[in-house]
Amino acid sequence: MVSGSMLLSLDKDWDGTNVQDLIVDLVNALSAVRSLSEISCEMADEKAVIRLALSCLLSNQDIERCSFFILGDDGSLSNVTGVSVTEQAGSDVLIAQNTMSFRMGEGIIGTAAATGEMQHSSNCIEDERFTSGRDSESMPGSIICTPVFTLHKELIGVLNVSHSEPDFFTVWHMRLLQVFSNILGQLITNRRLFQQMEIQIALRTAELERLVEETRRLKDYYVSMSMQDQLTGLHNRRYFYDQVELAFAQHNRYEYPFCLLMMDIDHFKSINDDFGHAFGDEVLITVAGALKKQVRSTDILVRFGGEEFVIIFVNTSCDNGKTFAERIRDNIKSLKWQIDGKQIQLTMSIGLYCMVPESSNDNRYNDIDQIIHCADTALYRAKANGRDRVEVFETGPLADKP
Amino acid sequence: MDDISKPSIESRINKLKNLPALPEASVRILEAVNDPDVEIEKLVKVISLSPALVARLLGLANSAFFGQLNQIDDLHTAIVRVLGLQMVKSLSLGILLNVQLDPKHCKGFDSQSFWMHSLITAVAAQKLANAHAWQSLSSANAYTCGLLLHIGILVAAYAFPEELDGILSHESNSYLHVETEIQRRFGQSHYQMGYILLKKWQLPEFYQSMLNQFTSTEMPENQVELNRCLHASQQICYSILDQEADDTGLDLIAATAGLPLETVGKVFNALLESKDNVQKLAAEMGGW
């Protein structure tokens, strides 16, 4: 990959016969390579990587300007970045060549790209490889253009170093640049691979996150399905047993009283029989909606099964519980339905059990099934006593439901 | 010569790989370098006599290749821990034998005088730092700063011999005059030219800004002590090398630097005694 002009200069240019210059040159060359080798391929911006690489070269070598022309999709070489000695001194002036570009084979940069070989011009002004029309002020004295390849020998771009003086570069510079451009090529290849990997990982991660989210939504849906009565939208029996533990715990710890209402729509079976299940369902939905309006957000209201509903009024005394129960009974009685030209009205029987602090001294009532049984007993009594009424379970020997 | 542009000065300085070691120090360095059994302390001491070698070695020790975590700011560490005896010997020998000033082009440059200026300033700075116990300034660093303070003049003599000769062949050769003339003709001070070199050679930031800020009126907090010490050392040096060396200006030097007159007087007298005797002067450099 050594061009003819480079071979010619092998003997001519090398004046490093003095050991002191040789040592300095060696250390500087190794320093440039070492700092290049320390650039991380994890940087996001390829331009930033190239710019850093050029700085490594500039700060450890006696060249004045470096630039990099990258091969684009359209097959042309355009300037991605450039650094010069004056920039290194801290000023931020960019070289005014940012928009320059060459076609393959055009100019010395295009020639380096097209031939895949390093090009050296020791006197740019007299060099015909320089495309005409460039103003001689910005033209360097001497320049070396080195093609940079990926690990698969695909052209990435061309690395250029220049100096304002003609005949400045020696074979020493060219040897270093060969090594430097090889490592730079590997660095850029690695960065691109790394970048692709990052993108892949990001895609897969996003896909996974989407799946996890979907699974979570499904799970929530099924949980709510299993806790909810599909017809009325109220919670179901399962939810009730889940929540009642909490009411119990609070009762035990803080001695909060609570009231349990067991409610049943009177003669519901005949409604189903007379007007069909669709109407029966409509009745259940309306009753559920009416009940919902009677409870606070902390209370527990569920459809217990069929035409049976349960409410737990938390932190509620027996007197208040009775008042609430009467209010519910009145409310249900006032509901009206129209079917087949008839107006339908209903009543509800309610069994009430009051869980007050003293009653928990009795072990029998410390179990939810017992309490439900008590409320059920009261409900049975309400039915027996003519329906459309509220009965409170009286403490005493547990009555057996027939 | 009136047309040396700033970029071309910088470009020429950036090309310098080495600077001459000066004949006055060369003999001693050569002796040490050629002695296979030389003690490292002795080698460090004689190399410390040459501004060019000190700058070159400190720069190399800090170059990326050696990958030091911290900046290497003293010659002893640079030689012993980073560069190694063999490389230092080879490099020094190469510089001594191959890098020389061309007397044809810069007749006016008095290397003896340059060396005396550098060395006296260095020793004065070292002694002041020692005596005053500045918080942020070690005597070894003070010495190196003093030694490198005028390296810009050596740069000019080596890289711009004809241009410098134009200045030196005029009447006075006092450094104050040279300083003003360099500023006028080169468009920047020799401190700036020294700064360009130290930057290119990648010396620690400490030495670079020491030169870059030397004449600045707005000094970063951490450089004030160093700057005072160097200005005082420079003034002491000028007083000593003056034909009628006397101690009349010492109180002003002491006041400006914020140092006790007694300290400044002591340093002045110690150096005055040895000024005509290079051997004695070199011996005045304390160990570190």
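Residues are numbered from 1 along each chain as its sequence is written, and chains are lettered from A in the order in which they are written. In this predicted model, local features need pLDDT of at least 70 and side-chain atom pairs count only at pLDDT 80 or more, while totals for chains, interfaces and linings use all residues.

**View 1. Chain B has 17 helices and zero strands.** Helices (H or I, at least four residues) and strands (E, at least two) are DSSP runs, numbered from the N terminus. Of the 288 residues in chain B, 47% are buried (20 or more other C-beta atoms within 10 Å of the residue's own, with C-beta atoms placed from the backbone). Two residues are in contact if their C-beta atoms, placed from the backbone, lie within 7 Å. Among contacts in chain B between residues at least 6 apart in sequence, 69% join residues at least 24 apart.

**View 2. Helix H9 (residues 151-159) of chain B crosses helix H12 (residues 190-200) of chain B at roughly 80 degrees.** Their axes come within 7 Å; axes are lines fitted to C-alpha atoms, for helices over the stretch in contact, and angles run from 0 to 180 degrees between N-to-C directions. H9(B) and H12(B) are therefore roughly perpendicular (65 to 115 degrees). H9(B) contributes B:Ile151, B:Gly152, B:Ile153, B:Val155 and B:Ala156 to the contact, and H12(B) contributes B:His190, B:Tyr191, B:Gln192, B:Met193, B:Gly194 and B:Leu197. Seven of these residues are nonpolar, four polar and none charged. Ala, Val, Leu, Ile, Met, Phe, Trp, Tyr, Cys and Pro count as nonpolar, Asp, Glu, Lys and Arg as charged, and the others, Gly among them, as polar.

**View 3. Five strands of chain A form an open sheet in the order E8-E9-E7-E12-E13, with mixed pairing.** Strands E8 (300-305) and E13 (390-392) of chain A are the edges, each pairing on one side only; two strands pair if DSSP finds at least two bridges between them. The twist averages 20 degrees from one strand to the next. E8(A) and strand E9 (residues 308-313) of chain A run antiparallel and are joined by five bridges. A:Val302 stands opposite A:Val310 in E9(A).

**View 4. Helices H7 (residues 237-254) and H11 (residues 368-384) of chain A lie across strands of chain A.** H7 lies across strand E7 (258-265), E8, E9 and strand E12 (348-355) of chain A, at about 140 degrees to E8(A). H11 lies across E7, E12 and E13 of chain A, at about 145 degrees to E12(A).

**View 5. The contact between the chains takes 17 residues from chain B and 17 residues from chain A.** On the side of chain B that touches chain A, helix H1 (6-14) and helix H6 (85-98) of chain B are the elements that give two or more residues. H6(B) gives the most, with six residues. That side of chain B divides into seven nonpolar, eight polar and two charged residues.

Methods
A residue is buried if 20 or more other C-beta atoms lie within 10 Å of its own, exposed if 12 or fewer, and partly exposed in between; C-beta atoms are placed from the backbone. Angles under 35 degrees count as roughly parallel, over 145 as roughly antiparallel, 65 to 115 as roughly perpendicular and the rest as oblique.
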